[in-house]
Amino acid sequence: MRAQFVLSEIGVGLRRNLTMTFAVVVSVALSLALFGGALLLREQVGTMKTYWYDKVNVSIYLCNKNDAKDVPKCAKGAVTAEQKKEIKADLEKMEAVEKPVLFETVDEAYKHYQEEFGDSPMAGSITPDQMQESFRVKLKDPEKYKVVATAFAGRDGVQSVQDQRSILDNLFELMNGMNVAAIFLMALMLIIALMLIVNTVRVSAFSRRRETGIMRLVGASGFYIQMPFIMEAAFAGLIGGLLACVILLAGRYFLIDGGLALQDKLNLIDFIGWEAVLTKLPLVIAIGLLMPAVAALFALRKYLKV
């Protein structure tokens, strides 16, 4: 097969169907950008889980004198010194708990509350005697929260057992929902791109039916006749894949490093690095190259009989 002939045929096909080729490039670029974004968002959620689950604590809040009236679990009154001693001893015996176990006094709890919520209107109405003493427990395996909750939730002197991970789970569920939405939109764009590719190949095959007929009469092979059409689709997909890579790189730069600079504004989030983005680019380009070529190959079986 002469490379010059194939390249000339590709050029002719692209010029004849310029607007449809442009539509294919845009749809492939958007679908692959969404695909890469979904992969990156999934990796971001995994990174955040690893980062935050390693830092969250289980808090065991103890009854104070005010809880005796309002909280049924504290009906026997405030926690006693003996109960606190027993709870601490039992915590230190548990293999799932990292040592040492931290104890937060009422004054320390009030100080932390003022540091975090001192500007809120309610802050002035809170007094130290309304705060609760608590044990702050760090687990070796954050997934074993229920072991601590089951052991201490119903004990005398314990008002509640709270896992900070439950707060983060709401955020992760939201991000997973966004990921599902991105995958759904990607699938929709991918279907549109495949329909455009098939339609473009059909129009291109129809517009060159005389040339292909002559080539068939002179004994050209089916692969020789089909190759320019397949290469046209692959070239358009390659351009779309490269544009998708540019979108992903620009998104990583403007959202995290520059522009919006979320890394500075949300410094509590461990963002994925450039290496996570760069490792996805070859996959995006490969899909952008192969997907249109395969779609064109199947379309040619129907619209170009060779």
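Notes on the predicted model

1. The chain's secondary structure comes to 12 helices and 4 strands, where helices (H or I, at least four residues) and strands (E, at least two) are DSSP runs numbered from the N terminus. This is a predicted model, in which local features need pLDDT of at least 70 and side-chain atom pairs count only at pLDDT 80 or more, while totals for chains, interfaces and linings use all residues. Residues are numbered from 1 along each chain as its sequence is written, and side-chain values use heavy atoms, with hydrogens and water left out.

2. Of the 306 residues in the chain, 41% are buried, buried meaning under 20% relative accessible area, exposed over 50%, and partly exposed in between (1.4 Å probe, protein chains only).

3. In helix α4, the residues Q83, I87 and L91 are buried. They lie on the same side of α4, because they cover an arc of only 70° around the axis, the arc being that of the directions from the helix axis to the C-beta atoms. The face turned away from this buried side carries the exposed residues A81, K85 and K93.

4. The buried residues of α4 pack against β1 (58-62), β3 (134-137), α6 and β4 (158-163), with contact meaning heavy atoms within 4.5 Å.

5. V147 has its place in helix α6 (residues 145-152) and is partly exposed, with a relative accessible area of 42%. The C-alpha atoms of V147 and M94 are separated by 9.3 Å, although these residues are 53 residues apart along the chain.
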